[in-house]
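The sequence and structure come first.

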Amino acid sequence: SQCSSGSCRLPFSGAALGTCGTGSCYDGVWQRDREADLDCGSACGRQRLCPAYARCEEAADCASGRCGGGVCQLAAECAPGDCGGKCAPCPLERACAVASDCLSGRCAFGVCARQDIGSGTARISASASALSSNGVSTGSISAAAPQFSFLVDESAVLQAGAPFVSSVSPASGASGVGSSVRLSGGNFASSPSASFRVVVADAASRVRLAGSMAAACSPPADSFIDCGVPSHPRGSVVLVLEYSVSGSSAGPWERAQAYFASTGAFRITGRSGFATGIKLLQAPASLVRGELLQPAPRAVLVDDFGQAVESDSSTIVRIAAFSGERGSEVATLQPVAGPPASGSAMPSLSVAARSGVVQFDGLGVAATSLAVGRQLRLVISAETGDERSVLGTSTDFVRGYAGTAGLGGRLSLSGCGVADARGLCCEPPLWLDSCGICSSAAAVSARSCGI
């Protein structure tokens, strides 16, 4: 613009010439003839005085009331670690009242927040610009916002001795058991008694997700620390490093400062060591009225990567039979075995996993079961985790047979007292063979039909 105020007022739309306006203290333009720095100074009133490290011409330009070397100084009462107002601008996630309290230049809901990235041009005031070696501000910066932008200026904002994080590596991976990331930055080993942990935060607001877990960290080096990734479902999150100065697990916990807009961004590709599925290990090939399930159904709880969750000995797993013809569960299975051996559980349709494995011993098909036919499945399911999600798996279609006990191999039937596996009545001269089928052929062996 040809106007120092950045405001050119045209008499009408499309006019070739206009007059320079005075601008305002809220327009994002540094008006050098009246503002000490970008949108601040005595000319802007008491509510728009310049923060620490901004340009100044006199003490009245500064919120601290102190101007030295053309730069607003910290207020005399500012203690180490104080920020906002008359003190140094605050890093992300510290309390704020106005935008000038924050190094990022954005105060949202009382907390310093990062500037939106990718929406045109980012304008950084002198409070966030670099200082020359003699402590004089080098001026405001106006540049296209890169994908990874600075949130802090190390010489101006990072609290002496306070931990800060600049990067997390890798940028994606598993969460939970066996997971690990390295957080690089500084001042991690400044306190021998401090302990560290990582928590999961929302990718947009950087607020810790309600009900989320925390993961422990190894003893730190000064410039990096290795930590686990808290168990959490798939998705994009922010990993936030917290520290307890006293080393107590009860805290209080403080957040390490984030150095970049992208600091902590992490994509969880799966949850390790947490049951998110069920894998069937063995199941009977058929159901026979009045007979035990052979072999006993057996399954294992697995995580997102298909690995057995051996640490799970509490999840309750249930088994049921479903009929495709009826489109619903059928009351077919029941405990039929006698008292269990010492130390084993009573036969039941609901069993607790042991080291991630569940086996349904002592179950059989009721003698009055309606599960006769082809479209039958055994379904194994469980509810697990803090989200109460339902896990499940099923067998392929199995065949249900009518019982043959006491009938003999070639016993003729009169009337329709017994239905065969196809649901048809047996009438003379047909008989119920070993497979539960009405037939006129010679009896077949039980092995050939899966009984």
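Phe164 stands opposite Gly186 in strand 11. Strand 9 (residues 164–169) and strand 11 (residues 181–186) are antiparallel and joined by 5 bridges; strands are DSSP runs of E, at least two residues, numbered from the N terminus, and two strands pair if DSSP finds at least two bridges between them. The model is predicted: local features need pLDDT of at least 70, side-chain atom pairs count only at pLDDT 80 or more, and totals for chains, interfaces and linings use all residues. Residues are numbered from 1 along each chain as its sequence is written, and side-chain values use heavy atoms, leaving out hydrogens and water.

Strand 12 (residues 195–201) is largely enclosed by the rest of the structure, because 6 of its 7 residues are buried (under 20% relative accessible area, 1.4 Å probe, protein chains only).

Asp101 is in the loop between strand 4 (71–72) and strand 5 (107–108). Asp101 is buried without a salt bridge, and the nearest side chain of opposite charge, Arg48, is 10 Å away. A salt bridge requires a side-chain nitrogen of Lys or Arg within 4 Å of a carboxyl oxygen of Asp or Glu; Lys and Arg count as positive, Asp and Glu as negative, while His and the chain ends are not counted. A polar atom of the Asp101 side chain lies 2.7 Å from the backbone nitrogen of Gly85.

Notes: Buried means under 20% relative accessible area, exposed over 50%, partly exposed in between (1.4 Å probe, protein chains only). Helices (H or I, at least four residues) and strands (E, at least two) are DSSP runs, numbered from the N terminus. A polar contact is a pair of N or O atoms within 3.5 Å; within protein, one must be able to donate a hydrogen and the other to accept it, and residues adjacent in sequence count only if both atoms are side-chain atoms.
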